[in-house]
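Colleague: I would like to check some terms against the values behind them. Can we start with the structure on screen?

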Amino acid sequence: MLSRRLYAIDLGTDNTIVFEPSRGIIFNEPTYIALHRHSGKVLCIGREAKEMAGKTPPHLTVIKPLSQGAIANLDATGLFLRHLIDMLMRRRALFGPAIAVSIPFDLTSFERNAVREAGIQGGARSVVMIEDPYSAAVGAGIDLLAPSGALLLDIGSGVTEISLLSCGSVVASRSVRSAGWDFEQEIIDYLDARYRGRISRRDAEMLKIEAGCSDADIPVPIKNRSDALPRALQIPLTDVREALKPGIRRLSDFIRAFLRILPPDFAPYIRENGLYLTGGTALLGGLKSHIEREFSLRTVVGQNPLQEIALGAGRIIEDRKLFAHLVTGR
Ligand SMILES: Nc1ncnc2c1ncn2[C@@H]1O[C@H](COP(=O)(O)OP(=O)(O)OP(=O)(O)O)[C@@H](O)[C@H]1O
Ligand SMILES: [Mg+2]
């Protein structure tokens, strides 16, 4: 399978990152696609398409083909991958590339088949998969084969997954199909209840990111049914932090439930090595220290949690031994 053209792809709910051996990351943009509504022709993908979301004229549509870590729209994912592969290959080759897609550990066989199908529709010659906990561990530089037990928490946009790895395998893993996207929804709903008006998803994401960095009031357009145009409202970031509290409590309950099912033999290692936090939502302000306080557990956030899965998947396809051990056709 180690073919001339082989890409590792982190096909995330929010971002897609492509790694090419010996070149590194060659694509890193939002998983969005803009299409002509009637012809189905692709206008653009990635950042440009995300920019258009919510602002398109009737003949155009912007689609987010993944939801909660899984393919929600197979045709749109196939078109997204086809456009992506065409861009990467620059000129159309007789055979498409082989792709290794990093996927959440808990994807069902039905959802795995959808990934394979989308890859083939996208023009890939073959599609294999790597489960995210392995990509994350390799990306974080954790020695996978050690019998010590590595505890990893990946919080992306649509999925939160916690896993314990030891001796080269996943000992236990649990996931919940909610993450950064749901934090944004809670901000939107909280502000709607408090100020009687809706803010945009884009502003909710901006407030979520800002909430960890400052105490300022931020002006945001907000609109209810009776407003002709949105009004600008100063949103105190203390409100945003309040809106985030239930989601953070749910996350704590999720971590606690997982720690309870782990075999006791791992306890000393976990106490020593702590918890490794990755995925974009690992950057949520105050989250790392909250977990540390709540569980008295050393918590480490990697240098680049948004890219770790792609970097790990890339290292796996570059290394024959890791490839043979971790890449699966299932
Ligand atoms: N500084 C930040 N603070 C808080 N959240 C952030 C920050 N930067 C990015 N995010 C959030 O991280 C999420 C994207 O992370 P990531 O790219 O790991 O997700 P994904 O892989 O696309 O999704 P999934 O793994 O759930 O399918 C988004 O919800 C984004 O708003
Ligand atoms: Mg992800």
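Modeller: A definition comes first: two strands pair if DSSP finds at least two bridges between them. Keep in mind that this model is predicted.

Colleague: What makes β2 and β3 a pair?

Modeller: The test asks for at least two bridges. β2 and β3 have six, in the antiparallel sense, so they count as paired. One of the bridges joins I17 to N28 in β3. Three residues lie between the strands of this hairpin, and S22 takes a positive phi near 70°.

Colleague: How do you know that β1 and β2 pair?

Modeller: The cut-off is again at least two bridges. Four bridges join β1 (residues 6-11) to β2 (residues 15-20), so the pair passes. These two strands run antiparallel. The bridge partner of D10 is I17 in β2.

Colleague: Which strands form the open sheet with mixed pairing that holds β1 and β2?

Modeller: Five strands form it, in the order β3-β2-β1-β9-β10.

Colleague: Why are β3 and β10 said to stand at the edges?

Modeller: Count the partners. β3 (24-30) and β10 (126-131) each have a single partner strand, so one side of each has no neighbour in the sheet. Neighbouring strands of this sheet are turned by 20° against each other on average, direction ignored. Helix α4 (residues 132-139) packs on the sheet and touches β9 (98-103) and β10. The direction of α4 makes about 70° with that of β10.

Colleague: What makes you call α4 and α10 roughly perpendicular?

Modeller: The label covers angles from 65 to 115 degrees. The axes of α4 and α10 (residues 308-318) cross at roughly 90°. The two helices are therefore roughly perpendicular to each other. Their axes come within 7 Å.

Colleague: How do you know which residues of α4 and α10 meet?

Modeller: The test is C-beta atoms within 7 Å. Among the residues that meet are Y134, V138 and G139 in α4, and L311, G312 and I316 in α10. The residues of this contact divide into eight nonpolar, three polar and three charged.

Colleague: What angle do α6 and α7 make, and what is it called?

Modeller: The angle is about 95°, with the axes 9 Å apart. The range for roughly perpendicular is 65 to 115 degrees. That makes α6 roughly perpendicular to α7. L207, K208, E210 and A211 in α6 meet L237, V240, R241 and L244 in α7. This contact has five nonpolar, no polar and three charged residues.

Colleague: Where does the largest share of the shell around ligand 1 come from?

Modeller: Helix α6 gives that share, three residues. α5 (180-195) and α6 (201-211) are the elements that give two or more residues to this shell. In total, 21 residues surround ligand 1, and the closest are G12, D14, G156, G180 and G280.

Colleague: How many residues of each class does the shell around ligand 1 have?

Modeller: Seven are nonpolar, 11 polar and three charged. Gly counts as polar here.

Colleague: What makes β16 and β17 a pair?

Modeller: At least two bridges are needed. β16 (residues 275-278) and β17 have three, in the parallel sense, so they pair. In β17, V300 is the bridge partner of Y276. Both strands belong to an open sheet of five, with mixed pairing, in the order β13-β12-β11-β16-β17.

Colleague: Why do β13 and β17 count as edges?

Modeller: β13 (169-176) and β17 (299-301) each have a single partner strand, so one side of each is left without a neighbour. The twist averages 20° from one strand to the next. Helix α9 (residues 287-295) packs on this sheet, touching β16 and β17, and its direction makes about 165° with that of β17.

Colleague: Which domains does the domain assignment give?

Modeller: The assignment gives domain 1 (6-135 + 308-326), domain 2 (144-178 + 245-301) and domain 3 (180-243). The C-alpha centres of domain 1 and domain 3 lie 31 Å apart.

Definitions and conventions
Residues are numbered from 1 along each chain as its sequence is written. Chains are lettered from A and ligands numbered from 1 in the order in which they are written. This is a predicted model: local features need pLDDT of at least 70, side-chain atom pairs count only at pLDDT 80 or more; totals for chains, interfaces and linings use all residues. Axes are lines fitted to C-alpha atoms, for helices over the stretch in contact, and angles run from 0 to 180 degrees between N-to-C directions. Two residues are in contact if their C-beta atoms, placed from the backbone, lie within 7 Å. A residue is near a molecule or strand if its C-beta atom, placed from the backbone, lies within 6 Å of it. Angles under 35 degrees count as roughly parallel, over 145 as roughly antiparallel, 65 to 115 as roughly perpendicular and the rest as oblique. Domain bounds come from an automatic or database domain assignment.
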